[in-house]
Amino acid sequence: MAHLNRRDLGLLVLRVGTGAVLAAHGTQKLLGWFGGGGLEGTTKAMEAMGFSPGRESAIAAGLGEAGGGVLLALGLATPAAGAAAAGAMAGAVSVHAPAGFFAAAGGYEYPAFLGFTAAAIGITGAGRYSLDHATGHVLDRPWVVATAFIGTALAAAAVVGRRAVEQADEETDPEPEPA
């Protein structure tokens, strides 16, 4: 029997646990599983939170979480999976930021933790017990890491920035009350 590598075993546990949590959250958004609102409910929630267009934002958040989570758990295309999940969590952090850091007060502690964990796995790599390793790291090259994280950072900054601008516009130019 081959000697188990503790580092790779630890990465497996971290990947599977983080990926499962992210996948569960994403399927709530996309499919309504686990008590979630599904795509329709998530679309309405995204619009209420200031993300526009709502449906596309719901799909992007759901796919970033569900798709990124499944890929992280499998250890497949790990840099892209970690970047996608971290990008989705950046949007969640922007929603929870006004409540402060701690989750008990509605803050961004939990999505930040998931985002940092997904990003760390994406940068570190999936380890020996993964599909990336089994496929010769075809989807886990240094250029994939750079491209995935730069692309996700730019996309997340654009989405979060657009939301912030639209919210600021609403605060400075409120709609008149009906007569």
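Why does leucine 11 count as buried? Select leucine 11, which sits in helix α1 (residues 6-31); leucine 11 counts as buried because its relative accessibility is 10%, where buried means under 20% relative accessible area, exposed means over 50% and partly exposed lies in between, computed with a 1.4 Å probe on protein chains only.

Before going on, note that this is a predicted model, in which local features need pLDDT of at least 70 and side-chain atom pairs count only at pLDDT 80 or more, whereas totals for chains, interfaces and linings use all residues. Residues are numbered from 1 along each chain as its sequence is written, and side-chain values use heavy atoms, with hydrogens and water left out.

**Around leucine 11**

Then pick glycine 107, which is 96 residues from leucine 11 in sequence and, C-alpha to C-alpha, 28 Å from it in space.

**The whole chain**

Zoom out to the protein, which has seven helices and zero strands, following the pattern α-α-α-α-α-α-α along the sequence; helices (H or I, at least four residues) and strands (E, at least two) are DSSP runs numbered from the N terminus. The C-alpha trace spans about 80 × 35 × 30 Å along its principal axes, and 36% of the 179 residues count as buried. Of the contacts between residues at least 6 apart in sequence, 66% join residues at least 24 apart.

**Helices α2 and α3**

Next select helix α2 (residues 38-48) and helix α3 (residues 54-74), which pack at an angle of about 115 degrees with their axes 8 Å apart. The axes are lines fitted to C-alpha atoms, for helices over the stretch in contact, and the angles run from 0 to 180 degrees between N-to-C directions. That angle makes α2 roughly perpendicular to α3, since angles of 65 to 115 degrees count as roughly perpendicular, those under 35 as roughly parallel, those over 145 as roughly antiparallel and the rest as oblique. To display the contact, show Leu39, Thr42, Thr43, Met46 and Glu47 of α2 together with Gly54, Arg55, Ser57, Ala58, Ile59 and Ala61 of α3.

**The largest nonpolar core**

Now select Leu22, Leu72, Ala81, Ala85, Ala88, Met89, Leu114, Ala118 and Ile121, the nine residues of the largest nonpolar core, a nonpolar core being a set of buried Ala, Val, Leu, Ile, Met, Phe, Trp, Tyr and Cys residues joined through side-chain atoms within 4.5 Å. The elements giving two or more residues to this core are α4 (78-96) and α5 (109-124), and its largest share, four residues, comes from α4. Apart from this core lies another, of six residues, including Ala83, Ala86, Val145 and Phe149. Centre the view on alanine 118, which touches Leu22, Leu72, Gly82, Ala85 and Ala86, not counting residues up to four places away in sequence.

Notes. Contact = heavy atoms within 4.5 Å.
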